[in-house]
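I opened the model to look up its secondary structure and packing. My notes follow.

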Amino acid sequence: MKILKFDELDSTNNYMKEYISAFNNYDIISAKNQTSGRGRRGNTWLSSEGMALFSFLLKPNKKMNIKDYTKIPLIAGIATLSALKKIEKNDYKFKWTNDIYLNNKKLSGILVEKVENNFIVGIGINVNNEISKELKEIAISLNGKYDIDKVILAVVEEFSKYYEKFISGNWLELLKEINDHNFLKNKEIMIKIGEASYSGKALNIAEDGRLEIEIDNQIKYFSAGEIKIEKGFNR
C-alpha cells in the first residue's frame, strides 16, 4: 500500500483514474483540498481543509462475479462506519447507498467508480473542518483535531478486512451489520428515479443490495434513486 498526498487536486478519483496503471490494490491518493469533488449522480461534494479526502484502488478478485461488485459501496460504508467508531465512539448510521450520518446529519460520503475492471473508492469525511452556517442543519464534523492520515489509513485497513470477509462468503453477516446501522429503516421516504417518484416506508437493505420500501402494503425493491425523508426532517 502506498500513499500519495497532495495539497490540492480537482478530485482524488479523477487523479487515480488518469494514472490508474501506476497504482496497485489499496494504494491511496489524498488531498487537503478538492476543487471539483463529486458525489453520486454528479452532485458536487464541497471540500475544505480539515476533511479526510481520499481515494483508493480496488482490483478485481477472481472469486467474484460482476454482480457482486454492486455491493462495494455498502462494504465501503460499513467499513468507514466501523473505522470511525474506533476513532471516536458515536452512534453512526449508514444511509443507503453511500453516506455516513451522525446525529441525523451527514458526516461522510462515498463514491465508487468502475474503471475497466478496477474500482476506485472515493471517500470524504468531515473530521477537523468547520461546517459552514449554511450547512450546519444538514452536515456535521467530528472536530476532534485528529490526524487525517491516521483516519484515512484506518478506513482503508478496515475496508480490507470487510472485503476479505465478503469474498470469503460472509455477505449475510456483513449485511446484518449494515442493517443494524440502517439510517433509513422505518422512515417515511420519497425516492425519485428520473421523473418518477415513489413514497413509502423504508425497510431493510436486501441481500442483493437493493433497498426495500413498503408502498401501498407491497414491498418494492430499488437499486438507486434520490431519497428525501418525508417526516421530521429532510436529508
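This is a predicted model: local features need pLDDT of at least 70, side-chain atom pairs count only at pLDDT 80 or more; totals for chains, interfaces and linings use all residues.

D147 caps the N-terminal end of α3, with a side-chain oxygen 3.0 Å from the backbone nitrogen of D149.

Next I checked the length of α3. The helix covers residues 148–167, 20 residues in total, and spans 29 Å from first to last C-alpha, close to the expected 28 Å.

I listed the buried residues of α3: V151, I152, V155, V156, E158, F159, Y162, Y163, F166 and I167. They lie on the same side of the helix, because they cover an arc of only 165 degrees around the axis. In an α-helix there are 3.6 residues a turn, so residues three or four places apart point the same way.

I asked what the buried residues of α3 pack against. I found β2 (28–34), β3 (51–58), α2 (72–87), β7 (118–126) and α4 (171–180).

I turned to the sheet. It is open and has seven strands, ordered β1-β2-β3-β7-β6-β5-β4, with mixed pairing. The edge strands, β1 (3–9) and β4 (93–95), each pair on one side only. From one strand to the next, the twist averages 20 degrees.

I looked at β1 and β2 in particular. They run parallel and are joined by six bridges. F6 stands opposite A31 in β2.

Last, I traced α2. The helix lies across β3, β4, β5 (99–102), β6 (105–115) and β7, and runs at about 140 degrees to β6.

Terms used: Residues are numbered from 1 along each chain as its sequence is written. Side-chain values use heavy atoms; hydrogens and water are left out. Helices (H or I, at least four residues) and strands (E, at least two) are DSSP runs, numbered from the N terminus. The expected span of a helix is 1.5 Å times one less than its number of residues. Buried means under 20% relative accessible area, exposed over 50%, partly exposed in between (1.4 Å probe, protein chains only). The arc is that of the directions from the helix axis to the C-beta atoms. Contact means heavy atoms within 4.5 Å. A polar contact is a pair of N or O atoms within 3.5 Å; within protein, one must be able to donate a hydrogen and the other to accept it, and residues adjacent in sequence count only if both atoms are side-chain atoms. Two strands pair if DSSP finds at least two bridges between them. Axes are lines fitted to C-alpha atoms, for helices over the stretch in contact, and angles run from 0 to 180 degrees between N-to-C directions.
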